[in-house]
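Here is a short report on a multi-chain model.

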Amino acid sequence: MRYHVLAGVLATEIGLLAALHVDATADMWSRKSEHAQVRDLGAALGLTDLAIWTEARYTRHPSQADFFSAFQDFPGAIEHFPAGSIVGPPAHLRPTEWMASTPSQQAPRP
Amino acid sequence: MTRAQFGKHLKILEFALASMLRRRMKNAGIVVVFSAVVFLLSSIVFLTSALRAEAMATLEGAPELIVQRTVAGRHALIPVDYAEVIAALPGVGSVQPRYWGYYYDIYSDANYTLIGVPDEGPGSAGQLPLHLVEGDMITPGRTEVCVIGAGVARARSARIGSIVSLRNSRGWMQEYEVVGILAGASRLLTNDLILLPERDLKTLLGLPDDRATDLLVEVYNPNEVANISRKLLERLPQARPISHAEITRTYDTLFDWRGGLLLAMSLGAVAAFMILAWDKATGLSAEERREIGILKAIGWETSDILELKLWEGAALAITAFLTGITAGYAHVFHSGAALLRPVLQGWSTLFPSFDLAPRVEPYELGVLFLLTVAPYIAATIVPAWKAAITDPDRVMRAS
Amino acid sequence: MSTRVSIEDVTRIYNQGKPNEVRPVDRVSVRIGGPGEGASDGGDGQTGKDVGEIAVLKGPSGSGKTTLLALIGCMIRPTSGRILVNGRDVAKLPERFLTEVRRDTFGFVFQQLHLISGLSVLENVMLPLYPLEIGFREGRERALGLIEQLGLTHRRRFRVEALSGGERQRVAIARALINRPGAILADEPTAHLDAGLSCELMGILGELRGQGKSIVIATHDPLVYDSPMIDRVFTMRDGRIMDDDR
């Protein structure tokens with residue numbers, strides 16, 4: 001029966017996905033203490049951001065970016081750095097966010 | 001549902017598969033394209049949600065409160081004596097000036113982040129867990145030494161004992177001996193770092209004595225951060241407090257696969273796929289239309305034909321969806337999103353490789369499923385339905 | 001038992017009220033099948049036993065044969081008039097029930113055969129069974145039985161497009177029989193057959209008649225309507241029955 005073949009294919013794919021997940025998860029578990037160490041290192045150095053995009057201040061340190069950095073042109077605008085391909089504007093630069101946030105976050109309206 | 005009824009559905013599925021196997025090249029082509037679209041989208045979804053999770057986990061230890069100063073809308077150096085004003089606020093423990101900055105290296109075309117390591121207090125060698133430092137940490141009193149991130153080490157081909165020379169604010173080259181390298185395991189956080197003794201950093205960057213980059217504020221009760229920020233702003237209008245909660249919030253919303261270039265690219269792919277699906281489905285070939293007529297004429301009900309088409313669409317779409325998801329998962333969590341790397345990297349010279357903790361958000365998978373499988377099945381069924389509600393006698397007249 | 005169909009004063013109009021209005025079937029009444037009603041019935045002395053019948057709808061193309069055949073076979077509903085299938089008025093049944101009546105009662109052999117290419121002989125014969133609650137194995141047995149009966153066993157795994165015209169015709173007949181219908185309706189069954197194959201076909205239809213099936217053939221082929229196996233001939237012209245020859 002062909003539907004047995006289909007069921008076999010789907011089951012194989014699900015099994016493969018599960019195996020990949022188990023493998024990746026087990027790998028992570030084995031390095032759990034390492035993750036805690038990374039967190040402690042970051043805490044000790046007072047690091048505030050991930051070192052992913054080094055091309056500009058506001059991509060290297062999005063959480064420290066001032067109110068006039070590029071991301072605020074308008075939320076959802078395509079960033080002119082390629083990093084904007086998977087990051088949106090930082091929370092404090094989104095109009096909806098700053099309107100509801102503490103006075104410390106007030107910025108001049110664009 | 002009785003066994004016979006169940007058997008009926010299985011038989012229609014069986015026929016659907018037999019029917020699809022007749023056009024195996026075409027259907028295989030659709031599976032390939034469909035899988036590729038799901039692969040691309042799921043890679044982005046997996047990567048962004050894993051990055052978000054990673055950021056939340058590693059930045060859990062980020063400072064409770066940082067105070068910047070902004071002048072004319074720009075981040076400016078903060079007077080060290082702000083520290084006294086802030087320290088006087090109730091609920092505030094120590095206030096420590098931090099010295100850090102950026103450095104553009106013409107030899108590797110890369111931007112580094114330079115951080116000053118104080119002799120004592122937060123961030124000093126005594127406070128650091130040393131598991132992730134190969135070699136030594138900068139100990140109090142040492143000068144002209146540095147500890148570098150894995151990315152810097154690679155960019156400068158530096159090892160422990162190597163010399164890293166940086167141009168100081170007067171234009172002279174200043175040499176620093178590498179005493180330690182931050183382990184690769186921490187690269188998502190430390191890839192581009194150069195840690196220098198605080199005094200060396202101030203000289204190198206030419207920072208005035210009475211200014212720091214920002215202030216690290218110790219707060220006794222994290223719930224008081226918002227209150228302290230407000231009071232602080234009343235006294236120091238140029239200050240800009242950044243709380244731990246804000247950092248967390250930033251990273252919670254930062255990685256956003258719905259925004260930007262990748263989406264624009266994948267939208268193109270999705271659109272092309274939708275056109276393909278639409279064309280395939282709406283342009284029911286004369287052959288398929290004829291077959292629907294035949295089935296109708298030999299006693300299939302409209303609902304049977306819709307079920308047939310549902311099975312055809314579902315078998316193809318679900319196979320392709322699972323293939324795409326599996327490939328996307330392997331791509332992101334087993335090969336570090338290698339194919340997305342050129343796009344993600346952009347102009348970041350020191351781009352860390354990803355070794356992310358696997359993370360799957362059922363909600364996002366659900367959205368992905370609805371965005372790909374559902375429209376495909378709909379595009380298969382609707383035209384079949386249109387063809388199936390015609391009178392069965394048409395087939396008698398067709399030549 | 002053989003199937004009785006009564007067509008009573010049936011008219012079918014296409015594009016009603018428009019300038020291109022046509023009435024391929026106009027106030028037609030015929031009765032097909034059933035003991036005591038067929039003309040041949042008394043003649044072959046088999047009264048009491050269930051006897052089949054072959055009726056022919058004869059006429060030039062465009063005379064309404066195919067439409068009448070479609071009306072008899074519940075493919076379409078009449079614009080006016082009644083159609084009784086085994087005594088039950090089906091003219092106003094909703095589509096679902098009409099489909100049910102059609103597939104329980106009639107087997108169709110289309111002029112173009114309408115086999116599905118790319119599928120095997122066996123799969124084509126089984127086509128009408130897929131949406132029914134009949135086990136796959138049982139359906140397969142039934143199909144293999146018919147394939148054997150029609151002498152196609154050695155071809156059962158062939159794709160239908162690989163078969164000769166006569167073999168394809170027999171596949172179409174096997175498919176028409178798979179639901180064990182009381183009546184077989186054939187539209188120009190000899191259109192693509194040479195004289196030899198046409199005779200062979202008539203032989204097969206004669207056998208089915210012997211098994212008690214009512215058979216209606218729409219044709220303008222003299223080889224068919226002059227065949228000695230034919231019980232009744234209805235001549236059609238411009239949507240009306242001219243006379244009842246036999």
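Among contacts in chain B between residues at least 6 apart in sequence, what percentage join residues at least 24 apart? The figure is 78%. Two residues are in contact if their C-beta atoms, placed from the backbone, lie within 7 Å.

This is a predicted model: local features need pLDDT of at least 70, side-chain atom pairs count only at pLDDT 80 or more, and totals for chains, interfaces and linings use all residues. Residues are numbered from 1 along each chain as its sequence is written, while chains are lettered from A and ligands numbered from 1 in the order in which they are written.

**Chain B**

Chain B holds 14 helices and 14 strands. These elements are DSSP runs numbered from the N terminus: helices are H or I with at least four residues, strands E with at least two. The C-alpha atoms of chain B fill a box of roughly 95 × 45 × 40 Å along the principal axes. Its radius of gyration is 31 Å, whereas a compact globule of 399 residues would have one near 21 Å. That radius is taken over C-alpha atoms, and the globule rule is 2.2 Å times the number of residues to the power 0.38. Of the 399 residues in chain B, 48% are buried (20 or more other C-beta atoms within 10 Å of the residue's own, with C-beta atoms placed from the backbone).

**Interfaces**

Two pairs of chains are in contact, and chains A and B share the most contacts. Chains A and C do not touch; their nearest C-alpha atoms are 10 Å apart.

| Pair | Residues in contact, by chain |
|---|---|
| A and B | 60 residues of chain A, 87 residues of chain B |
| B and C | 25 residues of chain B, 27 residues of chain C |

On the side of chain A that touches chain B, α1(A) gives the largest share, 14 residues. By class, that side has 33 nonpolar, 17 polar and 10 charged residues. Nonpolar means Ala, Val, Leu, Ile, Met, Phe, Trp, Tyr, Cys and Pro; charged means Asp, Glu, Lys and Arg; the others, Gly among them, are polar.

On the side of chain B that touches chain C, α1 (3–22), α10 (286–297) and α14 (394–397) of chain B each give two or more residues. α1(B) gives the most, nine residues. The classes there are 12 nonpolar, four polar and nine charged.

**A helix pair in chain B**

Helix α2 (residues 24–58) and helix α11 (residues 302–334) of chain B pack at about 40°, with axes 6 Å apart. The contact of α2(B) with α11(B) has 18 nonpolar, nine polar and no charged residues.

Notes
A residue is buried if 20 or more other C-beta atoms lie within 10 Å of its own, exposed if 12 or fewer, and partly exposed in between; C-beta atoms are placed from the backbone. Axes are lines fitted to C-alpha atoms, for helices over the stretch in contact, and angles run from 0 to 180 degrees between N-to-C directions.
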